[in-house]
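Let's take a walk through this protein together. Have the sequence and the 3D view open side by side as you read.

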Amino acid sequence: MRTARGRNPRPTSVALGALPRPVAVAVGAGGVLGAAHVGVGYALEERGFVPDMIIGTSVGALLGAIAAAHPEGSAPWLDRVWTRLRRREVYPLGYPPSRSSVFTDRGLRRLIARSALPSRIEELPVPFTAVAMDLDTGAAALLDHGDLESALLASAAVPGILPPVEREDRTLVDGGVIAYLPVLAALQAGAASVVALSTGPEGSPSCPAARRRGAGAIAARAGVLLLRHQIERDLHEVARHVPTVVLPTGIDAWPAPWDFGHSQRLISTAHRTAAKFLDALRVRGPGLYRTDSPPPDGAGPAVAPSLSGGLL
C-alpha cells in the first residue's frame, strides 16, 4: 500500500491526530451538492489534516483527486471554481445526439483538464481510488492505477445522463449506484480509520419527510431512501472494524441536482458546521462518530452535547 508522499507536516487537531493510521477520506457522490464537500475540506485543511489515502465516488472522485493532487490546500481553488460553475458547463447537451446518454462528457473533460492533475493515478501525491461500477457484472470497480481522466469520467458517468466509459475491457458507470459513500472501499484499501464526507438528504440518517402525492415526488423520495439504506448499511459495517467519522454539513435545504446557484451557501454552511464538529470530536476505538450517534462503549462523548444538529 502506498502512503502519502511529499508532506509538509503541520499541527493537526487532537481528534484527527489521534485517528489510527492509515486514515482514509471517503468522499461521496452528489453532483452539484458536492459544493458541501468543499466546505468540509476547508475545515479539515484549517486543522492541518492530510489523509493517507482518498477514495471518491462520482463528484467525490473529482474533488478527491484534486485534493490528492494538492493535499496542502485545494479548498480555496475548489471554492473559486465551484462557485462559478453553471449547468451548461458541466452537462452540455449531446451533439450529435448519443444513444447512451442525454449529455456529453465534454464539460466534465474540460473541468478535469483545468484541474492541474497528473495524467496517471500513481502520480498523485496522496494515494487515490475512484469508484465506478461494472455495468456487465454490477461489481464495484476500484480504479487505483492507470489513466486518471478515464477513471474520473467512469466514476461520474451517471447512467443515461453521461456516457459510460470503456476501460480495461469493462464498461463502467457511476460508482454511486453501488457505493454512494465509498467507506467499504476505504476499508478494503487497508484504512485503519475513515473520515466520511457525505452530502444531500440521502446522507442524513434522520430526515423527516412531508407527505408526497405526485409521481415525481414519490419516486424521488424512494430514491433517497434507497441510497440512505445503502449508506447506513455500509457505515455500520465499517464502524464495526475501525473508527468511522461522518462529518456533518448542517444543510437542511438542498437545491435541485442541476442548480449550481446555491454553491456558496452550501460551502459556507458546511465549513462552519464541520469545523465546530471537529473541534468537539473525541474518538477512542472503533465505532460510528457523528452528531446523531451515541459514542462507542467507553469512548466518552463523541461530540459536544451542543452539537445536536446542523447550523444555518
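What follows goes from the overall fold to one helix residue and then to the salt bridges.

Keep in mind that this is a predicted model. The protein has 10 helices and 9 strands, and buried residues make up 54% of its 312 residues. If you take the contacts with a separation of 6 or more, 74% of them come from residues 24 or more positions apart.

Now zoom in on Ala 274, which sits in helix H10 (residues 263–280). Ala 274 counts as buried because its relative accessible area is 0%, and the cut-off is under 20%. Setting aside neighbours within four places in sequence, Ala 274 is in contact with Val 40, Ala 43 and Pro 248. Tyr 42 is 232 residues away along the chain, yet its C-alpha atom is 8.9 Å from that of Ala 274.

On to the charges. Side chains of opposite charge can pair when their charged atoms come close. Here the count is 10 salt bridges. One of them joins Arg 109 and Glu 149, at 3.2 Å from N to O. That pair links distant parts of the chain, with Arg 109 in helix H6 and Glu 149 in helix H7, 40 residues apart. Arg 109 is partly exposed at 35%, and Glu 149 is partly exposed at 30%.

Next, look at Arg 233 and Asp 234, whose closest N and O atoms are 3.0 Å apart in a salt bridge. Arg 233 is partly exposed at 45% relative accessibility, whereas Asp 234 is buried at 4%. Elsewhere, salt bridges that share partners join Glu 46, Arg 47 and Asp 279 into one network.

Definitions and conventions. Residues numbered from 1 in each chain as written. Predicted model: local features only at pLDDT ≥ 70, side-chain atom pairs only at ≥ 80, totals over all residues. Heavy atoms only, no water. Helix = DSSP H or I, 4+ residues; strand = E, 2+ residues; numbered from the N terminus. Buried < 20%, exposed > 50% of the residue type's maximum accessible area, 1.4 Å probe, protein only. Contact = heavy atoms within 4.5 Å. Salt bridge = Lys/Arg side-chain N within 4 Å of Asp/Glu carboxyl O.
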